[in-house]
Amino acid sequence: MSPVKIKITYCAECGYEPQTLDLAKALMYEFGGQLSSIELIPWEGGTFDVRVADKLVHSMTRDGGFPEPKAVADAVRSALAGV
Amino acid sequence: MSMDRARFETGLRYDAFKAAMTRNRERLEENERRVTLDAETVRFFRSLARPLNVVVLAEDWCGDVIANLPVLGRLAKEVGTLDVRIFYRDQNEDLMERWLNQGKYKSIPVIAFFDDRFRELGHWIERPASVSELRARKRREIFAAHPEFGSPDAPVDQLADDVRARLQAELQKMREETTAFANAEVQRELRELVAAQPVR
């Protein structure tokens, strides 16, 4: 089971910092050292994208809204399991 | 939702909103300095038969508020016929529900004009469509000129840090270059909105 990298790209000018930090915090508490890193990327244009390993598991443009933390956690578990 | 004199007066005046900002005040004031007032718009609002009450929904974290609210702020100061009161979007959900963008999005700023009896004359949301269109076209041109930026529709987290920084700089430059057009379009749209609904 190799550690998983997470990237959260968020629209800084939209003020999405609270949602970004909430998600990062939830993942840190749940997975701790099973994660290799959580990268937070300030961007623009209404972005809120979450990538787990190499898979884009949520995109505000594609999926609408913010992700359910449980759905992201499930994606992390799948990545850790090598699924 | 209703708006009346008592509620209207609970809104913040432009300077009070600025004083209460927890972030982006420097950006907002820089944008304010860069606004060139349009002579036709100034003439139009100065010639109103009666002053208008203007309700604004805003938050200090929103880029469109930081870009467009200063246009209204400068205009109101210049013409003297617009009494502007600003309400925080997230503390006034009933107001936001009234002016949802396309019936579903909580886009801000909202600028709503009322007559002296608080009958709504019209409202304006977020930014002019012409500005969105121009910037979308310019954005496509940037990507076309820089193949290293990849597809304009691809998530940017896949770009190398230095490439992403260059893309961000190009987008920032493009926004700067289109600001004068955007400010003029905001004034034109506000003027045309009120002109289409003569003050009763």
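Trainee: How many helices and strands does chain B have?

Mentor: This is a predicted model, in which local features need pLDDT of at least 70, side-chain atom pairs count only at pLDDT 80 or more, and totals for chains, interfaces and linings use all residues. Residues are numbered from 1 along each chain as its sequence is written, and chains are lettered from A and ligands numbered from 1 in the order in which they are written. Elements are DSSP runs numbered from the N terminus, a helix being H or I with at least four residues and a strand being E with at least two. From the N terminus on, chain B runs α-α-α-α-β-α-β-α-β-β-α-α-α, and the count for chain B is 9 helices and 4 strands.

Trainee: In what order do the elements of chain A run?

Mentor: Chain A has 3 helices and 4 strands. Read from the N terminus on, the order in chain A is β-α-β-β-β-α-α.

Trainee: What is the radius of gyration of chain B, and what would a compact globule have?

Mentor: The radius is taken over C-alpha atoms, and the globule rule is 2.2 Å times the number of residues to the power 0.38. The C-alpha atoms of chain B fill a box of roughly 55 × 35 × 30 Å along the principal axes. For 200 residues a compact globule would have a radius near 16 Å, and this agrees with the value for chain B, 18 Å.

Trainee: What percentage of the residues of chain A count as buried?

Mentor: A residue is buried if 20 or more other C-beta atoms lie within 10 Å of its own, exposed if 12 or fewer, and partly exposed in between, with C-beta atoms placed from the backbone. Of the 200 residues of chain B, 28% count as buried. For the 83 residues of chain A, the value is 33%.

Trainee: Which elements of chain A give two or more residues to the side that touches chain B?

Mentor: Two residues are in contact if their C-beta atoms, placed from the backbone, lie within 7 Å. In these terms, 11 residues of chain A are in contact with 7 residues of chain B. The elements of chain A that give two or more residues to that side are β1 (4–11), β2 (35–43), β3 (48–52) and β4 (55–59).

Trainee: Is α5(B) parallel or oblique to α9(B)?

Mentor: Axes are lines fitted to C-alpha atoms, for helices over the stretch in contact, and angles run from 0 to 180 degrees between N-to-C directions. Helix α5 (residues 63–79) of chain B packs against helix α9 (residues 179–195) of chain B at an angle of about 55°, with the axes 10 Å apart. Angles under 35 degrees count as roughly parallel, over 145 as roughly antiparallel, 65 to 115 as roughly perpendicular and the rest as oblique. The arrangement of α5(B) relative to α9(B) is therefore oblique.

Trainee: Which residue does a cis peptide bond join to Ile108(B)?

Mentor: The omega angle of this bond is about 0°.

Trainee: What is the phi of Ala53(A), which is not a glycine?

Mentor: Ala53(A) is found in the loop between β3 and β4 of chain A. Ala53(A) is partly exposed, with 18 other C-beta atoms within 10 Å. Its phi is positive, at about 55°.
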